[in-house]
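Biologist: Please take me through the structure shown below, one question at a time.

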Amino acid sequence: MAFVTQEQISQFHKDGFLALEEFFTSEECDAMQAQIRKIIAEMDVPPQCRTEFSTKHDEQLQAQGSAEYFLTSGDKIRFFFEKGVFDEEGEFLVSKDKSINKIGHGKYEQWWLSQRGALHASDGVFKQVTHSSKVQALARKIGLENPVVVQSMYIFKQPHIGGEVTPHQDSTFLHTEPLGRLVGLWIALENATKENGCLWFLPGSHTSGITRRMVRTLQGTILCTQFIGSEREYDNSQFIPVPIGKGGLILIHGEVVHKSEANCSEASRHVYTFHLMETKETVWSKDNWLQPTPELPFPPLYMQN
Ligand SMILES: O=C(O)CCC(=O)C(=O)O
C-alpha cells in the first residue's frame, strides 16, 4: 500500500475525501477487469431488466419488475444497463459489454437510487480485494474499529454513453444513526480523468448533515422506495475535480457531496467501489432500502482471506 500519512488522514477528516494514488497495482486492476469480462460473458440478463427500456410491454409491469430486481439485488450479483441499448423486443442493440452501466445494484430513477450488490461476497477476486490487507490497514488508519461491508459495485462509465451522476451524499441512501459512520472506497481500474468522468467533490461538505433520505415503503403490497426531504441546491463552480490514475483509491465520507459528469470521451472509466459502515455504537436504519439478509449478513471487514 502507498504509505498513508497522518497529514493525509487529517486532510480526509477536513475535506471529506482523500485521493490515494497507486493504492492497487496495475496487475490487481487488470485482474478485476478480467474477472468482470468473464462475468459479463456468462451473464444471463433476465427479461425484467431488459424490458425496462422496451415499449412493447405493459409499463406498470415493467416498473414492478425493475423495482423488484433492484430491491432484491442486495445479496446477489445483478446487471444494469444504459438507456437505449435494447430494441423493442428487448434484444441488445449494442454489444453486452459496451451497454452495461454497472454490476451490483439497481438503476432506479437517478443513478444512485440503489446501493448494494454482492460482488464483495460472491466473487473470489472482488472478495480478496475488498478484504485485502491494505484495505484493512487503511480502514484501521481512519479509525474504523469494527467495520462491515454493506455493498459493492462495478461501474463501467462507458465511452460516449456513460451518464452523469448528479450531486449526492451517500448517507441519503445508506443511513446510519448517528451519521458519520459510512465510508466509500472507490478504486479506479483505469485512469479517471475530467474527460471520461472522474469524481468531483465539494470539500468540507460532509459537516452539514443531510437533507434527503431514500426509504423503503409499501405501495399496496409492492415494496418501493421514496425520498423524504430534498437535495440542497449546489453551486457547480464550487466542485473540484479529482482525477486519479489507474490503481488509485478515493475515500469518500458518507456525507460529502460528490458527483461525476457524463463520459463524452473515447475512454471507458471502470471502477470497483464498496461501502463500509462502522458498527460500533451505530444503528443501521430499518428504513434503508438495503437490508442484510440471512444469506448475506454484512460481512466484517477484518477477516482473513
Ligand atoms: O463512479 C461514479 O461515477 C460515481 C460514484 C459515486 O458517486 C458513489 O460511489 O457514491
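**Strand pairing, cores and salt bridges**

Biologist: Which residue in β14 is the bridge partner of Leu 185?

Modeller: This is a predicted model. In it, strand β7 (residues 182-188) pairs with β14 in the antiparallel sense, over seven bridges. Within β14, the partner of Leu 185 is Phe 274.

Biologist: How many bridges join strand β4 to β14?

Modeller: Strand β4 covers residues 147-155 and runs antiparallel to β14. Ile 155 has Val 271 as its bridge partner in β14. The number of bridges joining β4 to β14 is eight.

Biologist: How many of the residues of β14 are buried?

Modeller: In a regular strand, side chains alternate between the two faces of the sheet. Val 271, Thr 273, His 275 and Met 277 point one way from β14, while Tyr 272, Phe 274, Leu 276 and Glu 278 point the other way, and all are buried. Of the eight residues in the strand (271-278), the buried number is therefore eight, with buried meaning under 20% relative accessible area, a count of eight.

Biologist: Which residues does Leu 249 contact, leaving aside its neighbours within four places in sequence?

Modeller: Leu 249 is one of the residues that touch the most other members of the largest core. With those sequence neighbours left aside, its contacts are Leu 18, Ala 19, Leu 20, Phe 23, Phe 24, Leu 138, Leu 185, Trp 186, Ile 187 and Ile 244.

Biologist: Is Lys 134 buried or partly exposed?

Modeller: Lys 134 forms a salt bridge with Glu 28, at 2.8 Å from N to O. Glu 28, at 28% relative accessibility, is partly exposed. Lys 134 has 14%, which is under the 20% limit, so Lys 134 is buried.

Biologist: How many residues apart in sequence are the parts tied together by Asp 30 and Lys 246?

Modeller: The side chains of Asp 30 and Lys 246 form a salt bridge of 2.6 Å, N to O. Asp 30 is in helix α2 and Lys 246 in the loop between β11 and β12, so the parts tied together are apart in sequence by 216 residues.

Technical notes:
Residues numbered from 1 in each chain as written. Predicted model: local features only at pLDDT ≥ 70, side-chain atom pairs only at ≥ 80, totals over all residues. Heavy atoms only, no water. Buried < 20%, exposed > 50% of the residue type's maximum accessible area, 1.4 Å probe, protein only. Helix = DSSP H or I, 4+ residues; strand = E, 2+ residues; numbered from the N terminus. Pairing = 2+ DSSP bridges. Core = buried A, V, L, I, M, F, W, Y, C linked by side-chain atoms within 4.5 Å. Contact = heavy atoms within 4.5 Å. Salt bridge = Lys/Arg side-chain N within 4 Å of Asp/Glu carboxyl O.
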